[in-house]
Amino acid sequence: MKRTKLLNRHLSKLVASLGHMDEIVLADAGLPVPANVGVIDLAVSPGIPAFFDVLEALADEMIVEQAVFANEASEDLVTQIEVRLAHWAADTGKPIEHVRMSHEDFKERCSKARAVIRTGECTPYANLILVSGVPF
(Lines give C-alpha, C1' and ligand atoms only; values in the text may rest on other atoms or scores of the structure.)
Protein backbone atom coordinates (compact mmCIF):
# COMPACT_ATOMS: atom_id res chain seq x y z
CA MET A 1 0.00 0.00 0.00
CA LYS A 2 1.30 3.44 -0.90
CA ARG A 3 2.24 5.98 1.76
CA THR A 4 1.15 9.06 -0.14
CA LYS A 5 -2.36 10.42 -0.71
CA LEU A 6 -2.59 9.25 -4.30
CA LEU A 7 -4.18 5.80 -4.10
CA ASN A 8 -5.85 5.63 -7.52
CA ARG A 9 -3.88 3.13 -9.58
CA HIS A 10 -4.67 4.85 -12.89
CA LEU A 11 -3.41 8.22 -11.64
CA SER A 12 -0.33 6.61 -10.09
CA LYS A 13 0.50 4.88 -13.37
CA LEU A 14 0.00 8.10 -15.32
CA VAL A 15 2.24 10.13 -13.02
CA ALA A 16 4.94 7.43 -13.00
CA SER A 17 4.96 7.42 -16.81
CA LEU A 18 5.43 11.18 -17.26
CA GLY A 19 8.59 12.58 -18.76
CA HIS A 20 9.89 16.12 -18.75
CA MET A 21 7.41 18.50 -20.44
CA ASP A 22 4.60 15.94 -20.68
CA GLU A 23 1.21 17.49 -20.00
CA ILE A 24 -1.84 16.27 -18.13
CA VAL A 25 -5.14 18.07 -17.66
CA LEU A 26 -7.05 18.26 -14.41
CA ALA A 27 -10.59 19.01 -15.54
CA ASP A 28 -14.00 19.92 -14.27
CA ALA A 29 -16.94 17.70 -15.13
CA GLY A 30 -17.77 19.55 -18.35
CA LEU A 31 -14.48 20.04 -20.19
CA PRO A 32 -14.67 18.44 -23.64
CA VAL A 33 -11.96 15.84 -24.14
CA PRO A 34 -10.25 15.55 -27.54
CA ALA A 35 -10.85 12.19 -29.20
CA ASN A 36 -7.12 11.33 -29.24
CA VAL A 37 -6.60 11.89 -25.50
CA GLY A 38 -7.24 9.29 -22.82
CA VAL A 39 -9.52 10.05 -19.89
CA ILE A 40 -9.21 8.99 -16.29
CA ASP A 41 -12.78 9.62 -15.19
CA LEU A 42 -13.00 10.10 -11.44
CA ALA A 43 -16.37 11.93 -11.51
CA VAL A 44 -18.99 10.29 -9.30
CA SER A 45 -21.52 13.08 -8.82
CA PRO A 46 -21.47 16.90 -8.83
CA GLY A 47 -18.57 17.98 -6.64
CA ILE A 48 -17.23 14.48 -6.02
CA PRO A 49 -14.34 14.39 -6.19
CA ALA A 50 -13.59 18.07 -5.97
CA PHE A 51 -10.99 19.64 -8.27
CA PHE A 52 -8.78 20.75 -5.38
CA ASP A 53 -8.87 17.35 -3.66
CA VAL A 54 -7.42 15.72 -6.76
CA LEU A 55 -4.94 18.57 -7.23
CA GLU A 56 -3.64 18.06 -3.69
CA ALA A 57 -3.21 14.31 -4.25
CA LEU A 58 -1.25 15.01 -7.45
CA ALA A 59 0.92 17.54 -5.63
CA ASP A 60 2.31 14.78 -3.43
CA GLU A 61 3.47 12.83 -6.48
CA MET A 62 4.54 15.27 -9.21
CA ILE A 63 7.11 17.88 -10.06
CA VAL A 64 5.41 20.55 -12.14
CA GLU A 65 7.18 23.37 -13.91
CA GLN A 66 4.20 25.08 -15.53
CA ALA A 67 0.48 25.35 -14.85
CA VAL A 68 -1.92 26.64 -17.48
CA PHE A 69 -5.44 27.90 -16.83
CA ALA A 70 -8.13 29.93 -18.60
CA ASN A 71 -8.44 33.70 -18.53
CA GLU A 72 -12.18 33.22 -18.04
CA ALA A 73 -11.73 31.62 -14.60
CA SER A 74 -13.06 33.74 -11.74
CA GLU A 75 -10.55 35.66 -9.68
CA ASP A 76 -11.54 33.60 -6.65
CA LEU A 77 -10.75 30.37 -8.49
CA VAL A 78 -7.47 31.80 -9.83
CA THR A 79 -6.45 32.87 -6.33
CA GLN A 80 -7.18 29.39 -4.95
CA ILE A 81 -5.16 27.79 -7.75
CA GLU A 82 -2.24 30.21 -7.30
CA VAL A 83 -2.13 29.66 -3.53
CA ARG A 84 -1.98 25.90 -3.99
CA LEU A 85 0.64 26.19 -6.71
CA ALA A 86 2.76 28.37 -4.41
CA HIS A 87 2.60 25.71 -1.68
CA TRP A 88 3.42 23.01 -4.24
CA ALA A 89 6.45 24.99 -5.44
CA ALA A 90 7.62 25.53 -1.88
CA ASP A 91 7.26 21.82 -1.07
CA THR A 92 9.30 20.74 -4.11
CA GLY A 93 11.74 23.65 -4.17
CA LYS A 94 10.88 24.12 -7.86
CA PRO A 95 9.18 27.24 -9.23
CA ILE A 96 5.92 26.77 -11.14
CA GLU A 97 5.30 29.18 -14.00
CA HIS A 98 1.69 30.34 -14.30
CA VAL A 99 0.34 30.73 -17.83
CA ARG A 100 -3.10 32.08 -18.68
CA MET A 101 -4.81 31.73 -22.03
CA SER A 102 -8.30 31.89 -23.48
CA HIS A 103 -10.56 28.94 -22.77
CA GLU A 104 -10.69 28.21 -26.51
CA ASP A 105 -6.88 28.04 -26.69
CA PHE A 106 -6.88 25.93 -23.52
CA LYS A 107 -9.25 23.39 -25.08
CA GLU A 108 -7.09 23.25 -28.21
CA ARG A 109 -3.93 22.70 -26.14
CA CYS A 110 -5.61 19.77 -24.36
CA SER A 111 -5.20 17.77 -27.57
CA LYS A 112 -1.49 17.29 -26.80
CA ALA A 113 -2.07 16.10 -23.23
CA ARG A 114 -1.11 12.59 -22.16
CA ALA A 115 -4.46 12.33 -20.36
CA VAL A 116 -7.39 14.29 -18.98
CA ILE A 117 -8.36 13.62 -15.38
CA ARG A 118 -12.08 14.35 -15.08
CA THR A 119 -13.33 15.35 -11.63
CA GLY A 120 -16.85 15.99 -10.41
CA GLU A 121 -16.09 19.70 -10.11
CA CYS A 122 -18.89 21.96 -11.38
CA THR A 123 -17.15 25.33 -10.94
CA PRO A 124 -16.88 27.02 -14.34
CA TYR A 125 -13.37 26.90 -15.86
CA ALA A 126 -11.93 24.74 -13.06
CA ASN A 127 -9.38 23.24 -15.43
CA LEU A 128 -5.61 23.13 -15.21
CA ILE A 129 -2.90 21.86 -17.52
CA LEU A 130 0.08 20.58 -15.54
CA VAL A 131 3.42 20.44 -17.35
CA SER A 132 5.73 17.86 -15.84
CA GLY A 133 9.10 18.97 -14.54
CA VAL A 134 12.14 17.11 -13.27
CA PRO A 135 13.37 16.71 -9.67
CA PHE A 136 16.93 17.80 -10.43
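Figure 1. In an unreviewed entry, UniProt lists H20 under "active site". The model shown here is predicted.

Figure 2. Is H20 buried, partly exposed or exposed? The relative accessible area of H20 is 45%. Buried means under 20% and exposed means over 50%, so H20 counts as partly exposed. Leaving aside residues up to four places away in sequence, H20 touches E65, S132, G133 and V134.

**Figure 3. Order of helices and strands.** The chain contains four helices and six strands. Along the sequence they follow the pattern α-β-β-α-β-α-β-α-β-β. Of the contacts between residues at least 6 apart in sequence, 88% join residues at least 24 apart.

**Figure 4. Overall dimensions and burial.** Taken along the principal axes, the box filled by the C-alpha atoms is roughly 35 × 30 × 25 Å. A compact globule of 136 residues would have a radius of gyration near 14 Å, and the chain agrees because its own value is 14 Å. Buried residues make up 44% of the 136 in the chain.

**Figure 5. Surface and charges.** The chain carries 13 positive and 19 negative charges. How far apart are the mean positions of the positive and negative charges? These mean positions are 8 Å apart.

Terms used: Residues are numbered from 1 along each chain as its sequence is written. This is a predicted model: local features need pLDDT of at least 70, side-chain atom pairs count only at pLDDT 80 or more; totals for chains, interfaces and linings use all residues. Side-chain values use heavy atoms; hydrogens and water are left out. Helices (H or I, at least four residues) and strands (E, at least two) are DSSP runs, numbered from the N terminus. The radius of gyration is taken over C-alpha atoms; the globule rule is 2.2 Å times the number of residues to the power 0.38. Buried means under 20% relative accessible area, exposed over 50%, partly exposed in between (1.4 Å probe, protein chains only). Contact means heavy atoms within 4.5 Å. Lys and Arg count as positive and Asp and Glu as negative; His and the chain ends are not counted. The place of a charge is taken as NZ of Lys, CZ of Arg, CG of Asp or CD of Glu. UniProt positions are given in the numbering used here, feature names are shortened, and annotations may be inferred rather than shown by experiment.
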